[in-house]
Every structure is written in structure tokens, then in C-alpha cells.
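Hi,

Here is the structure I said I would pass on.

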Amino acid sequence: MGTHRRPRQRATGGGRARTAATITLAGAATATGLGGGTGHADPQPTAAQVRAKVDKLYQEAEAATEKYNGAKEKADAAEQRLEDLRDEAARKEDRLNSAREALGSVAAAQYRSGGLDPALQLALSSDPDRYLDGAAFVERAGSRQTAAVGRVRKELREIERLRGAARIEVSSLKSRRAELKRHRETVTGKLEAARRLLSRLTAEERARVGGGTGDRASRASSGPRDGLSASAQAPDSRAAAAVAYAYQKLGSPYVWGATGPNAFDCSGLTQAAYRAAGVSLPRTTYAQIDAGRRVSRSELLPGDLVFFYSGISHVGIYVGDGRMIHAPNPSAPVRVAPVDEMPFAGATRVA
């Protein structure tokens, strides 16, 4: 009896094992796709989806770039003010030394003649503020000494004022540099995310995302004749010169923060174009839009600045026929493009 039961136990156990294995395999099959379960890998985005994501990243990067440009402009101004303050303080210290030397000459003369005036002892002491206290000193000093003391007193006060102003500028400069770092990290992070997305595409798909074919076509159809025609339609010679410069820069690479002469970001291109025409534009898009008279879209003439997005984060130079020249983003060089390529936000005729 015992020997007959053992085989049945093994057979029964084996059947349970086979049943469990079958259930496990079926579950695995369902998880891997037969039943459309949660084990599915996320589908790869299409080229169109990648383009939409990349365009959004580029737009966000450009908005951060304009903030960086604005912060850099303020940091540069703070640095220049600090340098000017230091230069002025150095000049004041030279004048202070001259005034104290004059007092020293008087002191030497008095010493040779039989003693040093107590007032001059105070003036030449290691604590120059002491001799400024009270009217008694001025009364004891002669007219020449009074004038010399007045000059020293004035220079001391000016130097202290300049040092206080310099301390404020140093604090401002540190703040601006921290702001620059934050904006730089934002820009580079967005651009790196866009680069990773583009790396998933084939070369042909990347060319379509970056508008490669369109770039070649725009350069081919925008030769010297187009540039001359656009310049001729400009409202004045400065606008004409800015348009001519923009045409010369077709094909130049986009580099964030660049203002030429060989690479540009969007506001860097417009600034460089008008700089070549003898006009100084602000550095950022949101300042450039106020650099002249606002014009409607129907009034556009070559040389007008055209702005895009609600945050005024992109700019180009209008060249006529509903087209502009702009520096789009790192995936496309300076090129001719339709004005309606992006959400129009306004236009300015440079004053």
C-alpha cells in the first residue's frame, strides 16, 4: 500500500508544480503584452512630438537667456560703477596727500622758527578727525592753515563717501553674479534636455526638426538682390543699414549670449545690426521693444523689430513681404523666416 501511495503523491505534486508554472508563465505573458498590462514600455515619441518638446525647451531657454542678458548688462554696469568709484577715490586720496603735504610744510616752518603749533600737531596726528573737532582749532590756525585744513577735511569726507558707495556696489555685483549663475544653469539645462531629445532621432528627422531644408531654401532665395530690395524699402538709412547687416549674417550660428560678429542669440543679432547702423540698442528683447515707436503689424517696414511670445522673449528684424531675419535657436542658424512662424507680440520702429 505504501509503495503505491508514493507514486501518486509524486504525480499529484508534479501536477501542482506544472499548474503553478503554467499560471506563472501565463501571467508573465500577460504582463509582457498579451493582455496589454502595466509591463508595457513607454512608446517612443514621434518626430513631431520630439519637435514640439524641443521647441518648448528652446523657447524656455531663450526666455532664460534674455534674463541672463539683462542680469549681465546690470552686472557689467555695476562693475563699471565700482571701477569709476575706485578711480575717483584714488584721485581724492592723491589730493588728500597733497593737502597734508601742504600742512606738513607749514609745520616744518613753524618748527624751525621755534615750535609746532598745537593745531598742526593735531592735524598731522595718526587720527586726522581729531583736528576737525571744535572751532578752537580753526581760530588758532592762520588763514593758510585754515584753507589747507578745509581741503583735507573735504577730501576725507569725499573719500569716506566713495568708500561707502563702493561697498554698496560690491554687494550689488555679488548679487548680480549669483543671478547670472542661476540663469546660466537654467539655460544650459534646457539646452541639454533638448539635445538629449534630438539625439533619439535620425539625422533626417533632426534636420526636419531644426528646419535644415528650410534654411537652405531661405538662404538660396534670399540673395543680395533681396537684401538690396529690403534696404530700399526701409524708412531711413539706419534701418536700411541694419537690414543689410542682417542679410550679411545669414547662416551664422546661434549661440546663447552672443552678440556677434560671428555668432548671435536673437537680441544679440538685432543689437549688432543696429550697432552697425550707428544706433545703440539695449541688450534684451523686453528692453528693445521700448527702443522706438510701436507700430502695428499692418504698418511693418524693413528694419522694424518684431517681437514674439507673451513674455517678449524673441525678436527678429523685419525685411518685408511678411518675412524677418532672426537667430532662432541652437538647431538653426540665422535665417529668413515668416513673421507668422511664432506668436506675434508687437513691433517697434527704432528711434
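Before anything else: this is a predicted model, and pLDDT is the predictor's confidence in each residue, on a scale from 0 to 100. The protein chain has a mean pLDDT of 78, with 69% of its residues at 70 or more. Where pLDDT is low, the predicted coordinates should not be read in detail.

Now the sheet. It is an open one of six strands, in the order E1-E6-E2-E3-E4-E5, and the pairing is antiparallel. From one strand to the next, the twist averages 40 degrees. His326 has Arg335 in E5 as its bridge partner.

H9 packs on it, touching E3, E4 and strand E6 (344–350), and its direction makes about 105 degrees with that of E3. H10 lies across E2, E3, E4 and E6, and runs at about 50 degrees to E3.

What about the nonpolar residues? In soluble globular proteins, nonpolar side chains tend to be buried together. Here the largest nonpolar core has 31 residues, and those touching the most other members are Tyr247, Phe264, Tyr274, Leu305, Ile325 and Val334. The elements giving two or more residues to this core are helix H9 (237–248), helix H10 (266–276), strand E2 (305–308) and strand E3 (314–320). H9 gives the most, with seven residues. Another core, of 13 residues, lies apart from it and includes Val54, Ala194, Leu197 and Leu201.

Gln271 is a residue to look at in H10. Is Gln271 buried or exposed? Its relative accessible area is 12%, which is under the 20% cut-off, so Gln271 counts as buried. Setting aside neighbours within four places in sequence, Gln271 is in contact with Thr259, Leu281, Pro282, Arg283 and Gln288.

Most residues other than glycine have a negative phi, and most peptide bonds are trans. Against that background, here are the exceptions I noted:

- The peptide bond from Gly260 to Pro261 is cis, with omega near 5 degrees. Pro261 lies in the loop between H9 and H10.
- Ile312 is not a glycine, yet has a positive phi of about 50 degrees. Ile312 is in the loop between E2 and E3, and is buried, with a relative accessible area of 16%.
- Asp321 is not a glycine either, and has a positive phi of about 55 degrees. Asp321 belongs to the loop between E3 and E4, and is exposed, with a relative accessible area of 70%.

That's what I have for now.

Cheers

Methods: Residues numbered from 1 in each chain as written. Predicted model: local features only at pLDDT ≥ 70, side-chain atom pairs only at ≥ 80, totals over all residues. Heavy atoms only, no water. Core = buried A, V, L, I, M, F, W, Y, C linked by side-chain atoms within 4.5 Å. Buried < 20%, exposed > 50% of the residue type's maximum accessible area, 1.4 Å probe, protein only. Helix = DSSP H or I, 4+ residues; strand = E, 2+ residues; numbered from the N terminus. Pairing = 2+ DSSP bridges. Axes fitted to C-alpha atoms, helices over the stretch in contact; angles between N-to-C directions. Contact = heavy atoms within 4.5 Å.
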